[in-house]
Protein chains: 2
Amino acid sequence: MTTATISETNTFNSLPPADSRARVSQFMKQIQDEICAGLTELDGVETFREDSWEREEGGGGRSRVIREGDIFEQGGVNFSEVWGHHLPPSILNQRPEAAGHQFYATGTSMVLHPRNPYIPTIHLNYRYFEAGPVWWFGGGIDLTPYYPFAEDAKQFHSVLKEACDRHHPEYYPTFKLWCDEYFYLKHRQETRGVGGIFFDYQDGSGLLYRGPDAAGPAAILSNQVGVLPSRNWEELFTFVQDCGRAFLPAYTPIVQRRRTTEYSDRERNFQLYRRGRYVEFNLVYDRGTIFGLQTNGRTESILMSLPPLVRWEYGYQPEANTPEAKLTEVFLKPQDWVNWTPGQLAI
Amino acid sequence: MTTATISETNTFNSLPPADSRARVSQFMKQIQDEICAGLTELDGVETFREDSWEREEGGGGRSRVIREGDIFEQGGVNFSEVWGHHLPPSILNQRPEAAGHQFYATGTSMVLHPRNPYIPTIHLNYRYFEAGPVWWFGGGIDLTPYYPFAEDAKQFHSVLKEACDRHHPEYYPTFKLWCDEYFYLKHRQETRGVGGIFFDYQDGSGLLYRGPDAAGPAAILSNQVGVLPSRNWEELFTFVQDCGRAFLPAYTPIVQRRRTTEYSDRERNFQLYRRGRYVEFNLVYDRGTIFGLQTNGRTESILMSLPPLVRWEYGYQPEANTPEAKLTEVFLKPQDWVNWTPGQLAI
């Protein structure tokens, strides 16, 4: 890796510091620790079980899983740090500059499936790559309710917006739309949930958005590409740290609000049915899952995101004017949640 | 489509007859009818519900589903006939001669998920394509037991071998291996079940096998490619008809043998867990599913193959020397089932 190549490629002057890998992987482990501690306290009954693992080609990770808790029916919080000879095609398509180079990747990712259908499923993933002349941060967080509340979506998005706004006013609006685009099930014409933020390929250049994603509706963002002054590595790393630390304040108040809501078989059956969409997204579209499977990652850790119990039912249609119908009609479309006020959206 | 182009591309003289599309789609509907009738009789309690549907770009189909039967917890038997401007990339990679041409495709596909864990899940799909200068048949049938019996696998394979042998002695050995290769979960290092037969791109040329499949272990077949004298369209169509008609004799005796076997929560839980592998295969690797989703097929019909209830459990390992352990240790590896004799394979 040479200075000349980097600045040619990224057309700006920020190189990662010499200890970039150690610092980012250190942070990724720390955020895994902090979030596991917060979730254990929240659950109150179960704790996380840890498996450490090594990867043959290079690197390894620590996977933590919680099962049969008071809140969490199943959930996993992963840390990994891997390296190898070359990135898989799914990434090289988007970052051709990395072709022919060894790569380094570290990240944390988690999915929590609560038992109560009134508590949403949550996903977070942040990751950092270096490969030859290029480096970048990516990731995001998104919320998938079954029986949704607009005030929960608003609160969730507001916490994320606050974290983003501390760094740049263009971040939240761009990464919110990117999230709606990325977590989109084309074959169902639904977003996965009420979204959150998502970004990829943040390399410090002024280019905020790189897409459109094959997984998303064509170019939601193509006319809205923010081009900023270049940012340096330190700025982006601080931004990602703030995003990671927004997890607990964004999610725990929702769990607290909904944990005592009673439910019957009707809600449980609908939750199991909707979990099928989660499986469909993760196995058909999710970039992290595909990266993991293509790079001989640890299968059990990659597929930890899948729900403990799932239903599929041919031709299911919710009855009109039910909460189940409202989920797809209102909540699984991109909405401006931060500015939602009671009475809007016919909720 | 001109004679010259066809014979140049396939290097043999067989053109489809003028009524090829009508004849094949007629057969695909007929086999749907015959198999639904056979399965309804077998189930004895439930019948199939039919939905007819049309596809915007061209064509349509009829989907039939059975639910909550005596034998079948859920299952679908589809017929479809579609056409459009161009084939998706997943097929053009393998058949570049079809690029830039309109296509026609018709087929039948089915997956049946029995409730009793002693009865295997079954899948069948046969399909026919025409696109510019090329045409081909593809498809297969494979059996996925949860609590397997070698005699069932042997009987299943023997019926398929008989159907194949009536047409060419190379068919069964080649298509049996291709099936082991195709229905392979790379990330689990397991075959999906005890296999059956699978073939694709049968265009009448002498080339029996085209691979290796991305989904399979590298080139099981690469040193075993059969090259036959050219076959004509009529010969291949007759072969595919015989394969379709082998479904009931291959599967129904197994159902009859196992339908009264009692089971407890242990077997049921293991079945639900193993159904997760079925979902993983269909959403990550299956060519038919990916074709359907890429060509804006009818999602509910494409995903009819997914099981009604599924479990995922992080880090599950069966205890040593149990039937659950034997499934992966012995049955989910390629085996010569036709020649199995009691005492072999430590079963």
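1. Asp51(A) has Ser63(A), in strand 2 of chain A, as its bridge partner. In that strand, Gly61(A) is the bridge partner of Trp53(A). Strand 1 (residues 49-54) of chain A pairs antiparallel with strand 2 of chain A over 6 bridges. Two strands count as paired if DSSP finds at least two bridges between them. Helices (H or I, at least four residues) and strands (E, at least two) are DSSP runs, numbered from the N terminus. The hairpin has 4 residues between the strands, and Gly58(A) takes a positive phi near 150 degrees.

2. **Basis of the model.** This is a predicted model, in which local features need pLDDT of at least 70 and side-chain atom pairs count only at pLDDT 80 or more, while totals for chains, interfaces and linings use all residues. Residues are numbered from 1 along each chain as its sequence is written, chains are lettered from A and ligands numbered from 1 in the order in which they are written, and side-chain values use heavy atoms, with hydrogens and water left out.

3. **Strand 2 and its other neighbour.** Strand 2 (residues 59-67) of chain A is mostly covered, with 8 of its 9 residues buried. Buried means under 20% relative accessible area, exposed over 50%, and partly exposed in between (1.4 Å probe, protein chains only). Strand 2 of chain A also pairs antiparallel with strand 3 (residues 72-84) of chain A, over 9 bridges. Arg64(A) stands opposite Val77(A) in strand 3 of chain A. These two strands form a hairpin with 4 residues between them. In that turn, Glu68(A) has a positive phi of about 55 degrees.

4. **The chain A sheet.** Chain A has an open sheet of 7 strands in the order 1-2-3-4-5-6-9, with antiparallel pairing. Strand 1 and strand 9 (195-202) of chain A are at the edges; each has a single partner strand, so one side of each is left without a neighbour in the sheet. The twist averages 5 degrees from one strand to the next. Axes are lines fitted to C-alpha atoms, for helices over the stretch in contact, and angles run from 0 to 180 degrees between N-to-C directions.

5. **Helices on that sheet.** Helix 4 (residues 150-165) of chain A lies across strand 5 (121-131), strand 6 (134-144) and strand 9 of chain A. Helix 4 of chain A runs at about 30 degrees to strand 9 of chain A. Helix 5 (residues 171-182) of chain A lies across strand 6 and strand 9 of chain A, at about 100 degrees to strand 9 of chain A. Contact means heavy atoms within 4.5 Å.

6. **Phe27(A).** Where does Phe27(A) lie? Phe27(A) is in helix 2 (residues 20-43) of chain A. Phe27(A) is buried, with a relative accessible area of 3%. Not counting residues up to four places away in sequence, Phe27(A) touches Phe237(A), Val240(A), Gln241(A) and Arg245(A).

7. **The chain B sheet.** In chain B, 7 strands form an open sheet in the order 1-2-3-4-5-6-9, with antiparallel pairing. Strand 1 (49-54) and strand 9 (195-202) of chain B stand at the edges, each with a single partner strand, so one side of each lacks a neighbour in the sheet. Strand 6 (residues 134-144) of chain B is joined to strand 9 of chain B by 6 bridges, and the two run antiparallel. Gly195(B) in strand 9 of chain B is the bridge partner of Leu143(B). Helix 5 (residues 171-182) of chain B packs on the sheet, touching strand 6 and strand 9 of chain B. Helix 8 (residues 265-284) of chain B lies across strand 3 (72-84), strand 4 (103-114), strand 5 (121-131) and strand 6 of chain B. Helix 8 of chain B runs at about 165 degrees to strand 4 of chain B.

8. **Cysteines.** The structure holds 0 disulfides over all chains. A disulfide is a pair of cysteine sulfur atoms within 2.5 Å. The sulfur of Cys36(B) is 19 Å from the closest cysteine sulfur, in Cys243(B), too far for a bond. For Cys179(B), the closest cysteine sulfur is in Cys164(B), 11 Å away, also too far for a bond. Cys36(B) counts as buried at 5% relative accessibility, and Cys179(B) counts as buried at 0%.

9. **Interface.** The contact takes 33 residues from chain A and 33 residues from chain B. The area buried between chain A and chain B is about 2,800 Å², with carbon and sulfur atoms giving 57%. Glu300(A), Trp312(A) and Tyr314(A) supply 32% of the area that chain A buries against chain B, more than any other three residues. Buried area is the accessible area (1.4 Å probe) that two parts lose on being put together, summed over both.
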